[in-house]
Amino acid sequence: MPSSDVPSNWWRTAVIYEIYVRSFADGNGDGEGDLIGLRERLPYLRDLGVDAIWLTPFYRSPMVDGGYDVADYRDVDPLFGSLADFDAMLAAAHALDIRVIVDIVPNHTSSQHPWFASALAAGPGSLERDRYIFRPSSEEPPNDWESIFGGRAWTRTADGEWYLHLFDPGQPDLNWDNADVRAEFESVLRFWLDRGVDGFRIDVAHGMVKAAGLPSVGHPQQIGLLGREPLPYFDQDGVHEIYRAWRKILDSYPGDRMAVAEAWASTPLRLARYVAPDELHQAFNFDFLAAPWSAAQLRATIDACVEAADSVGAPTTWVLSNHDKARHVTRFGSPGIARAAALLMLALPGAAYLYQGEELGLPEVLDLPDDARQDPVWHRSGGTDPGRDGCRVPLPWDASLPAYGFSTTGRSWLPQPDWASLAASAQQGVPSSFLELYRTALRLRRTFTGPLTWHDSPADVLDFSRGGVRCVVNLSGAAVTVPAGSVVLSSGDLPDGALPPDTAVWLR
């Protein structure tokens, strides 16, 4: 475990770096990121200044959905290495005072999980089928629920019954009313806690429990309602009973173990229920990720999220990009705005999550060849939705090497664009680079204390303090005067003491 001088409740203020394992670093030369490559790059993450890493699934999987279709929750897929490689990586991370959070996928398994194979073989009405959500044979699906990946959320089996999959047909939903399911996942949590992991990121934490009777929604395009309006298959009250049981398990282990929810809820107050004192420790703040580059809307979002989290004594979390969303350099349409947004996010109270490569200023890759795309969103939409491959392109480490040093053999499971100028080696030691901006910001962020206090400011300017540090962000179309104070860090140049549009500054 990290050294004992790490403060208790480390997760309340931590910077946590998401690693999409397949695209981070390839240690064996097959063009696929793995645990060996990750271990070799841990010193880079130490120097970046992160407190913890979150690993996307590395479990045994047919990789229908990038590993989020788990066939064995207690083993490492050979694509990524072995349990011995995991243990070596974990020990190396802890030696560098980096904590390790792993993904847990409790809403569904892979269709190649032994449980689902047994369910298909056992037939209708069996105990094995009760572990999943099967419904009797009929000509039409049991209701109008839609898959998040497109199309209907039901697939018919050879014997005529339907099974639910809110994602791909290769990801059948589990029945969390079944005692076997609850006991199995409590055992899985203990398996990884016993190995020494510091916490879990819970995939689709708002799923698992479905409304009684599985009522229809009543109209199509249901994905557009996610996080806006109630849905009968998401954010049901019954999930909280599950997390109260999980919290007891986490609290029974030493070392301040934690869990963070990937939860979409219709209001910040409903999201806050996931982080009640006897439930989870954190929940991702997708309202902030989705907010446009607008001073009024960002301030309203920040205030609402801080208020909701404070109401239950939990920390807020802030995130700009992840493995499911287009990278924010491209979403904002400007590297300059992305730099300013980073300083805004890192000045806010609570925990911050970074997505691998954002510290390099990587954009979304929009022009991947069709035959290279692997995301089920692309395939289930018939090619009308590009899916998420564009934010999962392997990282550029060294501008002078094939595949930019991602792989020792120059192989890369997704093609990389011309990223020579964005490679870590090209940015190392360059004061104006994204990498050095993030390194400096993460170092200075450790000195920020206290709650957020807003200052009066011109329209389209955000201006707040935390302790002795002040953050000013100009979202207007004209330069504004920088308030009094010594400049600690800025996202861009400050000509003649003015703050240009789409620029942020930290003052002391």
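Predicted model: local features only at pLDDT ≥ 70, side-chain atom pairs only at ≥ 80, totals over all residues.

Entry 1: I started with strand 14 and strand 15 (residues 461-466), which pair in the antiparallel sense over two bridges. I looked up one partner by name: Trp454 has Phe464 in strand 15 as its bridge partner.

Helix 9 (residues 295-310) does, and it touches strand 14 and strand 15. The direction of helix 9 makes about 30 degrees with that of strand 15. Helix 11 packs on the sheet too, touching strand 15, strand 16 (469-474), strand 18 and strand 20 (503-507). For helix 11 I noted about 40 degrees between its direction and that of strand 20.

Then I wrote down the whole sheet: five strands, open, in the order 14-15-16-20-18, with antiparallel pairing. Which strands are at the edges? They are strand 14 (453-454) and strand 18 (487-490), and each pairs on one side only.

**Entry 2: helix 11 again.** I wanted to see how helix 11 (residues 335-347) meets helix 14 (residues 434-445), and I found an angle of about 10 degrees with the axes 10 Å apart. That angle makes helix 11 roughly parallel to helix 14. On the helix 11 side, the contact is made by Pro335, Ala338, Arg339, Ala342, Leu343 and Leu346. Helix 14 brings Phe434, Leu437, Tyr438, Ala441, Leu442 and Arg445. I sorted the residues of this contact: 10 nonpolar, no polar and two charged.

Two of these names came up again when I looked at charges over rings. Arg339 lies over the face of Phe434, 5.3 Å from the ring centre. Elsewhere in my list, the charged end of Arg22 sits over the ring of Trp413, at 3.7 Å from its centre.

**Entry 3: helix 3 and helix 5.** Here I looked up another helix pair. Helix 3 (residues 83-95) and helix 5 (residues 179-195) pack at about 55 degrees, and their axes are 11 Å apart. With that angle, helix 3 is oblique to helix 5. Leu83, Phe86, Asp87 and Leu90 of helix 3 meet Phe191, Trp192 and Arg195 of helix 5. The tally for this contact is five nonpolar, no polar and two charged.

**Entry 4: the rings.** How many aromatic pairs does the structure hold? I got 31.

Entry 5: Last stop: an open sheet of three strands in the order 6-8-7, with antiparallel pairing. Strand 6 (134-135) and strand 7 (154-156) stand at the edges with a single partner strand each, so one side of each has no neighbour in the sheet. I also checked strand 6 against strand 8 (residues 162-164): they pair in the antiparallel sense over two bridges. Phe134 has Tyr163 in strand 8 as its bridge partner.

Terms used:
Residues numbered from 1 in each chain as written. Heavy atoms only, no water. Phe/Tyr/Trp six-rings, centres within 6.5 Å; stacked < 30°, edge-to-face > 60°. Lys NZ or Arg CZ within 6 Å of the ring centre and 35° of its normal. Axes fitted to C-alpha atoms, helices over the stretch in contact; angles between N-to-C directions. Helix = DSSP H or I, 4+ residues; strand = E, 2+ residues; numbered from the N terminus. Parallel < 35°, antiparallel > 145°, perpendicular 65-115°, else oblique. Contact = heavy atoms within 4.5 Å. Nonpolar A, V, L, I, M, F, W, Y, C, P; charged D, E, K, R; others polar. Pairing = 2+ DSSP bridges.
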